[in-house]
Amino acid sequence: MKMAQVMLPFEEETLYPLTELARIEQQDLTTMANQGLKAWVKQEVLQLYANGTVTLLKMAEILSISAWEAIDLLQEHHIPIQMGRREQ
């Protein structure tokens, strides 16, 4: 997997729970941040799809998964599949 290095400023009250979780779970901060960011992106994209903001194909593209995997993900989260929607 390709990795990119990014410097982002974080508020202390945001960073503290992440560093504590990393310490408790004995993982490095980068791994914890990546896992949290991936989970957040997935939830946001699912919400965008549910709201009709993005299509199934756009959702799959953002998440780097196939359309079939996107359908499975929607079913796992009990989100109805929207047929015939087009990207705006």
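Biologist: What does the side chain of Asp 28 do at the start of H2?
Modeller: In this predicted model, a side-chain oxygen of Asp 28 comes to within 3.2 Å of the backbone nitrogen of Thr 30, at the start of H2.

Biologist: And what follows H2 at the other end?
Modeller: Gly 52 follows the helix, and its phi is positive, near 85°.

Biologist: How far does H2 reach between its first and last C-alpha?
Modeller: The helix has 22 residues and spans 32 Å between those two atoms, which is close to the 32 Å expected at 1.5 Å a residue.

Biologist: Which residues of H2 are buried, and what do they pack against?
Modeller: Met 32, Val 45, Leu 46 and Tyr 49 are the buried residues of H2, and the buried residues of this helix pack against H1, H3 and H4.

Biologist: Take H3, then: at what angle does H2 cross it?
Modeller: The axes of H2, residues 29–50, and H3, residues 56–63, come within 10 Å and cross at roughly 170°, which makes the two helices roughly antiparallel, since angles over 145 degrees count as such.

Biologist: Which residues make that contact?
Modeller: H2 contributes Val 41, Lys 42, Val 45, Leu 46 and Tyr 49, while H3 contributes Leu 56, Met 59, Ile 62 and Leu 63; by class they divide into eight nonpolar, no polar and one charged.

Biologist: Switching to H4, how does H3 pack on it?
Modeller: Their axes lie 9 Å apart at an angle of about 100°, so H3 is roughly perpendicular to H4. The contact includes Leu 57 and Ala 60 of H3 and Ala 70 and Leu 74 of H4, and its residues divide into ten nonpolar, no polar and no charged.

Definitions and conventions:
Residues numbered from 1 in each chain as written. Predicted model: local features only at pLDDT ≥ 70, side-chain atom pairs only at ≥ 80, totals over all residues. Heavy atoms only, no water. Axes fitted to C-alpha atoms, helices over the stretch in contact; angles between N-to-C directions. Helix = DSSP H or I, 4+ residues; strand = E, 2+ residues; numbered from the N terminus. Parallel < 35°, antiparallel > 145°, perpendicular 65-115°, else oblique. Contact = heavy atoms within 4.5 Å. Nonpolar A, V, L, I, M, F, W, Y, C, P; charged D, E, K, R; others polar. Expected span 1.5 Å × (residues − 1). Buried < 20%, exposed > 50% of the residue type's maximum accessible area, 1.4 Å probe, protein only. Polar contact = N/O pair within 3.5 Å; in protein donor to acceptor, adjacent residues only side chain to side chain.
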